[in-house]
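This report is a guided reading of one protein structure for a student who is new to the subject. Please keep the sequence and the 3D view at hand while reading.

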Amino acid sequence: MSDITQAPILATYGRFPLTLLRGEGTRVFDEQGTSYLDFCAGIAVCSLGHCHPAMVKAIEEQARTLIHVSNLYHTEPAAQLAQLITELVEIPGKTFFANSGAEANDGLIKLARRFGQHRPDPESGTPRSEIITFQQSFHGRTLGGISATGQQKVKEGFNPLLPGFCHLPFNDLTALIQGITPSTCAILLEPIQGEGGIHAATPEFLRGVAKLCKEKDILLLLDEVQCGFGRLGEMMAWRALGVPELQPDAISWAKGMGGGIPIGAFWTNDRSVDDIGTPLSCLLEPGSHGSTYGGNPLAAQTALTVLTQITANDLPANALAREKQIRETISSWKHPAIAEVRGKGLMLGIAVHAEYLRIPKGSVPAIHLCNELLKNHLLVPPAGTNAIRFLPPLNVSESDTSEALTILKTTLDQLSPS
Ligand SMILES: *Cc1c(COP(=O)(O)O)cnc(C)c1O
């Protein structure tokens with residue numbers, strides 16, 4: 001094709017002016033062979049970097065063995081992956097495999113609806129169906145996902161949305177206490193809001209949410225699609241945020257778990273939800289939910305390899321060491337354009353004071369900065385209008401991190417008025 005930027009692909013993404021051909025570790029290469037440091041990593045997807053040998057080997061071997069059969073049959077990779085997830089969660093429960101984060105969250109929404117039907121409002125006997133989510137949250141692009149999402153821009157023009165969602169201010173326990181109604185059956189939150197601009201739940205908020213859920217018989221659902229599986233320095237994101245005692249009822253993942261092969265999942269607790277001991281994980285019985293590709297052998301074997309590599313090489317510890325390096329280096333610059341560094345591990349938001357930078361009129365500061373960083377061969381995604389994100393592979397080296405920081409500093413200097 002003469003100009004691939006003109007390909008007949010629906011223009012739902014504003015793409016950066018770059019065509020990528022190849023990747024290796026923390027680097028990707030364009031048509032001219034120019035190399036870029038990839039601190040976007042597929043938006044927190046390429047946990048092991050590009051074309052990691054263990055991943056390539058797993059994909060090759062599984063492709064030769066069995067790529068796909070229906071979920072009407074048992075397969076080893078999915079069984080082993082579910083077993084590993086249960087060990088990592090460290091709470092008895094069961095996993096459903098999907099293909100993406102939005103699809104995993106749709107599963108959480110269906111679980112919440114089943115729970116609300118199983119445990120109706122004790123006063124009126126009517127099924128509970130309302131799910132509380134938070135402003136600035138992001139839960140995916142399906143109709144369920146955009147209905148759950150607390151950002152107007154993803155919903156524009158798609159009415160009517162799925163009813164039964166209420167969006168409250170994040171990290172505000174008072175608002176939450178007031179927002180719970182007799183119909184509330186679940187609270188869904190991202191331990192660190194990603195697309196909303198990298199905003200972490202405070203430990204007090206998480207503890208308060210957990211307490212309210214217990215008192216009011218409400219499910220606590222965590223969307224760890226972006227922050228899960230090691231990125232925050234712990235395999236379970238909530239454990240990185242200072243509340244290891246939290247007992248979620250269900251968790252969704254996708255992005256980093258497959259390292260680039262599409263897979264999503266949700267896990268749900270085996271705890272009993274009534275007097276006769278029905279486990280929460282049994283409210284979705286045979287025939288109640290499904291996904292043709294979900295957990296197919298190729299995807300499951302790859303995810304098994306990715307998660308095994310993350311734990312075997314203690315990449316969560318590397319995420320924390322690199323966070324320290326990034327925070328210390330940036331604060332040592334005392335750069336007037338840097339407003340703050342937010343987040344945890346390798347899910348960091350670097351906010352700038354746009355008024356200290358030469359940003360062309362009419363352009364969004366974050367996007368302009370991403371474009372200038374790209375020209376200097378560093379790829380990062382934006383986070384809201386005034387911040388960029390650092391989401392490199394979890395195995396990023398100290399020297400690649402240092403190189404990325406040097407590019408950031410140079411770019412900020414170039415954009416600073418002289
Ligand atoms: C990316 C993301 C999703 C959606 O995942 P897809 O795989 O794009 O459907 C959902 N929740 C969070 C927190 C995300 O970051």
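The model is predicted.

## The ligand and its surroundings

Which residues are found around the ligand? They are Ser100, Gly101, Ala102, Asn105, Phe138, His139, Gly140, Glu190, Asp223, Val225, Gln226 and Lys255. Sorted by class, this shell holds 3 nonpolar, 6 polar and 3 charged residues. Helix α4, which covers residues 101-118, supplies the largest share of the shell, namely 3 residues.

## Aromatic rings

A pair of aromatic rings is described by two values, the distance of the centres and the angle of the planes. Across the whole structure, a search finds 6 aromatic pairs. One of them is formed by Phe134 and Phe205. Why is this pair called edge-to-face? The ring centres are 5.4 Å apart and the planes stand at 80°, and an angle over 60 degrees counts as edge-to-face.

Phe134 belongs to strand β5 (residues 130-134), whereas Phe205 belongs to helix α7 (residues 203-216). The pair therefore ties together parts that lie 71 residues apart in sequence. Are Phe134 and Phe205 buried or exposed? Both residues are buried.

Phe205 also takes part in an aromatic pair with Phe170. Here the distance from centre to centre is 5.7 Å and the angle between the planes is 75°, and this pair is edge-to-face. Phe170 sits in the loop between β6 (165-168) and α6 (173-179), so the pair with Phe205 in helix α7 links distant parts of the chain, 35 residues apart. Phe170 counts as buried because its relative accessibility is 14%, which is under the cut-off of 20%. Phe205 has a relative accessible area of 2% and is buried as well. Together, Phe134, Phe170 and Phe205 form one aromatic cluster.

## Helix α10

Helix α10 runs over residues 365-375 and is mostly covered, with 8 of its 11 residues buried. The buried residues are Pro365, Ala366, His368, Leu369, Cys370, Glu372, Leu373 and Leu374. What do these buried residues pack against? Their partners are the strands β3 (35-38), β14 (347-352), β15 (378-379), β16 (382-383) and β17 (387-390), together with helix α11 (398-415). After α10 comes His377, which has a positive phi near 75°.

## Two residues in one loop

Where does Arg271 lie? Its place is in the loop between β12 (264-269) and α8 (297-312). Arg271 has a relative accessible area of 31% and is partly exposed. Apart from neighbours within four places in sequence, Arg271 is in contact with Leu219, Asp249, Thr278, Pro279 and Leu280. With Asp249 the contact is polar and runs from side chain to side chain, at 2.6 Å. Glu195 is 76 residues from Arg271 along the chain, and the C-alpha atoms of the two are separated by 31 Å.

Ser281 is also located in the loop between β12 and α8. Ser281 is buried, with a relative accessible area of 11%. Its side chain is joined to that of Asp270 by a polar contact of 2.6 Å. When residues up to four places away in sequence are not counted, Ser281 touches Lys94, Thr268, Asn269 and Asp270.

With a relative accessibility of 32%, Val56 counts as partly exposed. How far apart are the C-alpha atoms of Val56 and Thr305? They are separated by 9.9 Å, although the two residues are 249 residues apart along the chain.

Technical notes
Residues numbered from 1 in each chain as written. Predicted model: local features only at pLDDT ≥ 70, side-chain atom pairs only at ≥ 80, totals over all residues. Heavy atoms only, no water. Buried < 20%, exposed > 50% of the residue type's maximum accessible area, 1.4 Å probe, protein only. Helix = DSSP H or I, 4+ residues; strand = E, 2+ residues; numbered from the N terminus. Contact = heavy atoms within 4.5 Å. Near = heavy atom within 4 Å. Nonpolar A, V, L, I, M, F, W, Y, C, P; charged D, E, K, R; others polar. Phe/Tyr/Trp six-rings, centres within 6.5 Å; stacked < 30°, edge-to-face > 60°. Polar contact = N/O pair within 3.5 Å; in protein donor to acceptor, adjacent residues only side chain to side chain.
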